[in-house]
Amino acid sequence: MSILIKTPAEIEKMRIAGKLAADVLEMIAPYVVAGVSTNELDKICHDYMVYDQDTIPAPLNYKGFPKSICTSVNHQVCHGVPCDKKLKNGDIINIDITVIKNGYHGDTSKMFCIGSVTPFAKRLVNITREALFLSIEQIKPGNHFGDIGYVIQKYAHKHRYSVVEDFCGHGVGKEFHEPPHVMHHGKSGTGDEFKPGMIFTIEPMLNIGKRQTKILKDGWTAITKDRSLSAQWEHTILVTEIGYEILTLRAEEC
Ligand code: MF3
Ligand code: CO
Ligand code: CO
């Protein structure tokens, strides 16, 4: 299947889903502190999605995923399964939210720093966010998917970080994961051209150490093989006639 072009009516539904996913990240922020367990964060998000937003938490039961959000702490790269372990001062955590509203998905994640984190961790978190935004700035009709990976990789390597290649961004819409695979590494000018109406995520994962990952026995949680720190940020993006629109933008980013 090739990359879907969304109709104006679908784009409107994706705007709504994207905004709601962003709202969950804003809602949960004050709870992301030392002493809270990731299971508690999962429950607060689950109840907010289901009872306040009337959205469906897309991860819950997705291919057997047991929780409503993903929480990836420190050397966990992505798809961390919430558990009873409490966050502690100095941790960094990615919270990844995907909601379904009126049949359409909004998918976004951000990093939170718990208390005072080391300058090393803080720098990884910031550079990863900057890599995401540099790649978003490449998006306009005529540019190519390869441009995304190219700028992320270039920026990461300049700062001596590695780019995870085992997980990608993805088309998003009626399905959680649609074509194409959006690589976070690659060559500029390669791959398909951006066309107005395409909607996809970019969700780079950068590591302080090597890029290789492995999956824990829970079948989901990906960690860095060398146990080095990892960070990830994700937005859902619409290609417009003149550039892009970030469907999951939060107030703090405007
Ligand atoms: N939200 C993740 C992504 O960005 C996917 C999570 S799949 C799950 O693509 F099953 F782990 F929830
Ligand atoms: Co995603
Ligand atoms: Co996500």
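**Exercise 1. Identify the distance from an oxygen atom of ligand 1 to an N or O atom in the side chain of H170, then describe the surroundings of ligand 1.**

*Solution.* Step 1. The side chain of H170 places an N or O atom 3.0 Å from an oxygen atom of ligand 1, a polar contact being a pair of N or O atoms within 3.5 Å. The model is predicted, with pLDDT of at least 70 required for local features and 80 or more for side-chain atom pairs, while totals for chains, interfaces and linings use all residues. Side-chain values rest on heavy atoms, without hydrogens and water; residues are numbered from 1 along each chain as its sequence is written, chains are lettered from A and ligands numbered from 1 in the order in which they are written.

Step 1. For H177, an N or O atom of the side chain is 2.8 Å from an oxygen atom of ligand 1. D96 has a polar side-chain atom 3.1 Å from a nitrogen atom of the ligand. Alone, ligand 1 exposes 340 Å², of which the protein buries 98% (Shrake-Rupley method, 1.4 Å probe).

Step 2. Ligand 1 is surrounded by 14 residues, the closest being P59, H170, H177, E203 and E234 (a heavy atom within 4 Å). Six of the shell residues are nonpolar, four polar and four charged.

**Exercise 2. Determine which residues coordinate the cobalt ion (ligand 2), and what geometry its site has.**

*Solution.* Step 1. The protein donors are D107 (OD), H170 (NE2), E203 (OE) and E234 (OE), at 2.0 to 2.2 Å (N, O and S atoms within 2.8 Å of the metal count).

Step 1. Along the chain, their spacing is D-x62-H-x32-E-x30-E.

Step 2. Angles among the six donor atoms run from 51 to 160°, and the site is irregular. Six donors would be octahedral with opposite donors over 155 degrees apart and all others between 65 and 115.

Conventions:
A polar contact is a pair of N or O atoms within 3.5 Å; within protein, one must be able to donate a hydrogen and the other to accept it, and residues adjacent in sequence count only if both atoms are side-chain atoms. Ala, Val, Leu, Ile, Met, Phe, Trp, Tyr, Cys and Pro count as nonpolar, Asp, Glu, Lys and Arg as charged, and the others, Gly among them, as polar. Donors are N, O and S atoms within 2.8 Å of the metal (3.2 Å for Na, K and Ca); water is not among the atoms, so sites may look incomplete. Four donors count as tetrahedral if all angles lie between 85 and 135 degrees; four count as square planar and six as octahedral if opposite donors are over 155 degrees apart and all others between 65 and 115; anything else is irregular.
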